[in-house]
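Please look through the structure below with an eye to its charged side chains and to how they pair.

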Amino acid sequence: MKLEARILLVLGLFFAIMGTVYWIWSGENAGGMMIIAGGLLGFLPGSYYWWWSRRMPVRPEDRDGDVTEGAGFVGAFPGTSIFPFTLGAGAFFAVLSLVFGFWLMVPGLGLIVWAAIGGVAESRRGGTQ
Amino acid sequence: MTAVISPDTHHDDAHEAHEHHGPTGVLKWLTTTDHKIIGLSYTVTAVLMLVIGGFFAELIRVQLSAPYEHFLSFAQYNEVFTMHGSIMIYLFAGPMAFGALANIIVPIQIGAPDMAFPRLNALSYWLYLTGSITMLSGFFVSGGAANFGWVGYAPLSNAANSPGAGADLWIGALLLTGFSAIFTGVNICATVFYLRAPGMTLFRMPIFTWNLLVTSILILLAFPVLTAGLIMLYCDRHFGTHIFSVQGGGVPVLWQHIFWFWGHPEVYILALPFFGMVTEIIPVFSRKPVFGYKGMVFATLTIAALSLGVWAHHMFTTGTVLLPFFSIMSLLIAVPTGIKLFNWIGSMWRGQIWFSAAMLFAIGFVITFLIGGLTGIYLASPPLDFFTHDTYFVVAHFHSVVMALVMGGIAGLYYWGPKITGYLLNETIGKIQFWFLFIGSQVFTLPLYILGLRGMPRRMAVYPNNPGWQHLNEIATFGAVLIGISTVLFVVNILVSWKKYPAGDNPWDGHTLEWFTTSPPPHHNFYRLPQIRSERPTWDYNHPEAPALTHGTHEEK
């Protein structure tokens, strides 16, 4: 976990330095802002991982772990689910409504809401299978 | 379904637990959350897009084979080159890189039962598919498909200069595929960070998985910027904002900043996964561990870090960018890329090379990428770029790069295809396909470099005042035909080899975990796992007698 954190933090630090140098040197706001924001994307998850890596034991995958240590319950993975397709279809209609008319937002939003409710309910049951 | 990773000793019992019963047929395809089936859907869709985009490429080459050809009208030509670029970049290369083989191979390489968010993974595919349909449907609306080039520069892409639904469909398609990419990036990051098998430390991960992790971080940095830019463009077109138009106080060059802030990292988002595939293939077929493992990883990270500071080398001639900064950063990227090239050569050096089809494509990748990479170094220098900007020299440069990536992708399909389907592809047809593709790529791109230096501009349908350009264009068209034949040979190979040559679990004597499981892998990938103590766990398991040698030595000391 420490290594993951370090990679993100070093990337964030690099972008912060590069963004500052670029912004001061060029005086161009869009690019300077975008690189600094890139730095934030390094710092935000990076510092979260760092915070956690100091508060948890070293995971088996971060040391010479034995395969048996990973045996057992990993997580509940839904075996099958229709809701990704429903959500995708809803997004499709929503985007088409930008082109062909706002009425397409009605089926689009309908599918999205259905997928959101259905997907959450499915997660509570722990997947369909 | 609950995933259980079982130790080596209990695999017979675990076999029963892994049996998966679900819907079949179309319903299985619609409802699956299995990363292997989603990855296969990605692969089939992306290859289909390659064929469509390649067909448009052939149309362009036919049009340019004579100075005043009437094969396509000017309007059709604009649509065709726009859609060729858009399909190849947004709908083929990107999804092929981080959606197709990545989806199938990354979880298996780190010993995970699936991606971290299986349903999000399925959503990524549906957004990609609907995005592809959205973009292609531009051909069926009045006014035709988008015709402002794959970069959609303002003010050409505004409502006055590009009216019609085709342009809006293009924007909508990029919104959908952009979100698809972002979700895949989140998924791969979470999978690599949280679902590795015990013992699989970060510095034991296969280079392919490393490259996909870095690619995913780059996706998260770059794609939201494009999505934001597209929303601004849509608002300019329909809601009366003036973000990119001078009339209302906007800045047209801002679109170029936003677009290329996504666009140049995108080049590495496309390239890094294929670098990873080749880095997997070359050591396996050289019978050696990869040369300079950590050097490869740090080179990948350095490329990613630098790639955020090079976008404006596409904009040197706008006269509004800081030339020395972008020139220095662009030239610096050559250093980690050079490290990778030397490491590929080092991996082959004094190995027992097996020239299988996959290995040939990988070597073809290295050579073609070297040509594309070196000409990229010229373009990073502003004086040279002022001379060659918007000429066929640039077109030749990035076509060398992407033809290399196509070779890398096909190498990956020959290498991992048996793992995915359980059946090998025909090696002889594969080798013939390689020579058509490799020779065709060079015959296609090399004349374009000369044409560029002679001043032939991009995106021109005719060149009646410069008939001297015809011969080189004819040679390039001939190269494009060879590439087309290689694509047909690939389809023929799939048909000829259909369920004919059973592969077995480990046909290449591979190094990494995917060669430890069955072909195709079971529902949650593994019945058992080996101990992971190096970056080659499967090799260590199969060759306990083989000592770990330092590079350059021949025998155990």
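**Charged contacts in the model**

At 29% relative accessibility, Arg459(B) counts as partly exposed, a class that lies between buried (under 20% relative accessible area) and exposed (over 50%), computed with a 1.4 Å probe and protein chains only. This is a predicted model, in which local features need pLDDT of at least 70 and side-chain atom pairs count only at pLDDT 80 or more, while totals for chains, interfaces and linings use all residues. Residues are numbered from 1 along each chain as its sequence is written, chains are lettered from A and ligands numbered from 1 in the order in which they are written, and side-chain values use heavy atoms, with hydrogens and water left out.

Arg459(B) forms a salt bridge (a side-chain nitrogen of Lys or Arg within 4 Å of a carboxyl oxygen of Asp or Glu) with Asp390(B), and the closest N and O atoms are 4.0 Å apart. Asp390(B), which is partly exposed with a relative accessible area of 35%, also meets the side chain of Arg458(B) in a salt bridge of 3.9 Å, N to O. Because Arg458(B) lies in the loop between α14 (427–453) and α15 (470–496) of chain B and Asp390(B) in the loop between α12 (382–388) and α13 (392–421) of chain B, this pair ties together parts that are 68 residues apart in sequence; the helices are DSSP runs (H or I, at least four residues), numbered from the N terminus.

Between the chains, Arg196(B) forms a salt bridge with Glu4(A), the closest N and O atoms being 2.9 Å apart, and both residues are buried.

Note on methods
Helices (H or I, at least four residues) and strands (E, at least two) are DSSP runs, numbered from the N terminus.
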